[in-house]
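Please open the model in a viewer and keep the sequence panel at hand.

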Amino acid sequence: MTQAPLTIAFVSDPGLFLPSLRAMDAALRQAPGGLQVLFLGANLKPQMWDWVAQVAAKHPQSHIRTEVLPAEWLADARSPKDFITSTALGRMFLPRLTTGRVLYLDGDIMVTGDLSKAAGIDMQGNPLAGVRDFSVMKWLSAGQPHAGLQRQIDVLPDDLDIKSYINSGVLLMDTDAIRAIPDLVDLMEDVGAAAGFPTVDQDRINLLFKGRITHLDPAWNCSWGRLKLQRKHQAGLPVTGKNAHPLVVHFHGPHKPWHPLRLSSLSRGGMAVWRYRRDMATFRRRFPDIPDHLPK
């Protein structure tokens with residue numbers, strides 16, 4: 001079977017620009033056959049675009065396309081949480097900007113494997129694939145959600161199977177299939193409709209694609225490196241794209257591995273935090289002109 005063309009996509013503003021750039025470099029380094037990348041930016045300064053070009057120049061076997069995210073597309077976007085930027089809603093416009101398969105990646109990740117493998121995943125005829133949300137599956141496993149998660153669940157319709165609820169930090173889209181579904185692109189691009197949800201477009205994505213989601217193995221969106229625990233929480237549920245080791249480690253939540261170290265972060269995934277900071281040092285050596293942090 002011929003593999004569908006694959007594009008890796010990042011959507012970034014200044015807040016997550018440097019982590020996104022490091023993730024892009026890691027993804028390119030670990031794909032020996034090269035990758036197609038779309039780097040979509042909002043409110044980025046010219047120097048930041050220069051840094052994207054500097055990283056791209058290190059990977060001549062890959063094709064990196066840059067696009068400015070028009071401000072008017074996100075004019076109605078809102079986020080209730082400081083650590084969830086409304087720019088993330090830019091991923092809802094990917095079917096307008098790309099064709100074929102797109103693997104969307106949040107910026108707060110660490111790429112630890114060859115993402116070109118996503119081209120060969122059986123999406124089972126669905127237009128979207130993602131990994132079940134760690135916090136939701138942890139609650140289902142334990143039987144009792146915390147207050148914040150309960151508020152999130154309360155706004156979801158009763159007919160949504162919570163066991164199918166995915167995290168939007170890593171999404172595999174078949175953009176051709178999405179465009180073929182009447183009105184779906186328009187509904188995705190109605191960013192104002194996501195404003196009332198606790199997790200913004202994550203809830204919206206789960207509603208729009210209800211019954212049309214293929215569930216990926218947790219290796220594709222590994223919560224703070226806790227692959228074994230993540231698999232335990234969803235034991236017995238169907239997944240595809242299984243991999244022995246994490247391909248993408250996702251540092252979801254308000255505390256990030258590039259922030260000053262916190263006990264809560266280390267207790268979640270101390271080894272993953274250490275590896276992320278080691279990879280930061282590698283990136284610094286490769287690109288000494290690009291800072292670790294942007295001035296506030």
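Select helix H2 and its surroundings: the buried residues of H2 pack against helix H1 (17-29), strand E2 (36-41), strand E3 (63-68) and helix H10 (263-286). Helices (H or I, at least four residues) and strands (E, at least two) are DSSP runs, numbered from the N terminus; buried means under 20% relative accessible area, exposed over 50% and partly exposed in between, with a 1.4 Å probe and protein chains only. Contact means heavy atoms within 4.5 Å.

The model is predicted, and local features need pLDDT of at least 70, side-chain atom pairs count only at pLDDT 80 or more, and totals for chains, interfaces and linings use all residues. Residues are numbered from 1 along each chain as its sequence is written, and side-chain values use heavy atoms, with hydrogens and water left out.

**Stop 1: helix H2**

Colour residues 46-57, the 12 residues of H2, which reach 17 Å from the first C-alpha to the last, close to the 16 Å expected at 1.5 Å a residue. The expected span is 1.5 Å times one less than the number of residues in the helix. Now show the side chains of Met48, Trp49, Trp51, Val52, Val55 and Ala56, which are buried. Viewed down the axis of H2, these buried residues fall within an arc of 155°, so they line one face of the helix; the arc is that of the directions from the helix axis to the C-beta atoms. On the face turned away from the buried side, select the exposed residues Pro46, Asp50 and Ala57. Axes here are lines fitted to C-alpha atoms, for helices over the stretch in contact, and angles run from 0 to 180 degrees between N-to-C directions.

**Stop 2**

Move to H1, which is mostly covered, with 12 of its 13 residues buried. At 1.5 Å a residue its 13 residues should span 18 Å, and the end C-alpha atoms are 18 Å apart, which agrees. The cover over the buried residues of H1 includes E1, E2, H2, E3, E5 and H10.

Display H1 together with H10: the two helices pack at an angle of about 85°, with their axes 11 Å apart. That makes H1 roughly perpendicular to H10, a label for angles of 65 to 115 degrees; under 35 counts as roughly parallel, over 145 as roughly antiparallel and the rest as oblique. To see the contact, select Pro19, Leu21, Arg22, Asp25 and Arg29 of H1 with Tyr276, Met280, Phe283 and Arg286 of H10.

**Stop 2**

Two strands pair if DSSP finds at least two bridges between them. Strand E1 (residues 6-12) and E2 are parallel over six bridges, and serine 12 stands opposite glycine 41 in E2.

**Stop 3: strand E7**

Select residues 166-174: eight of the nine residues of strand E7 are buried, so this strand is largely enclosed by the rest of the structure. E7 pairs in the antiparallel sense with strand E4 (residues 101-105) over five bridges, and leucine 105 has valine 170 as its bridge partner in E7. Strand E6 (residues 128-132) also pairs with E7 in the antiparallel sense, over four bridges; here alanine 129 has leucine 172 as its bridge partner.

**Stop 5**

Within E7, centre on glycine 169, which is buried at a relative accessible area of 1%. Phenylalanine 251 is 82 residues from glycine 169 in sequence and 9.5 Å away in space, C-alpha to C-alpha. Beyond neighbours within four places in sequence, the contacts of glycine 169 include Arg91, Tyr104 and Asn221.

Next, select asparagine 221, in the loop between strand E8 (213-215) and strand E9 (222-223). Asparagine 221 is buried, with a relative accessible area of 4%. Leaving aside neighbours within four places in sequence, its contacts include Val131, Asn167, Gln230 and His250.

**Stop 4: two positive phi angles**

Finish with tryptophan 224, in the loop between E9 and helix H9 (227-233). Its phi is near 50°, a positive value in a residue other than glycine, and at 1% relative accessibility tryptophan 224 counts as buried. Glutamine 124, in the loop between strand E5 (109-111) and E6, has a positive phi of about 60° although it is not a glycine.
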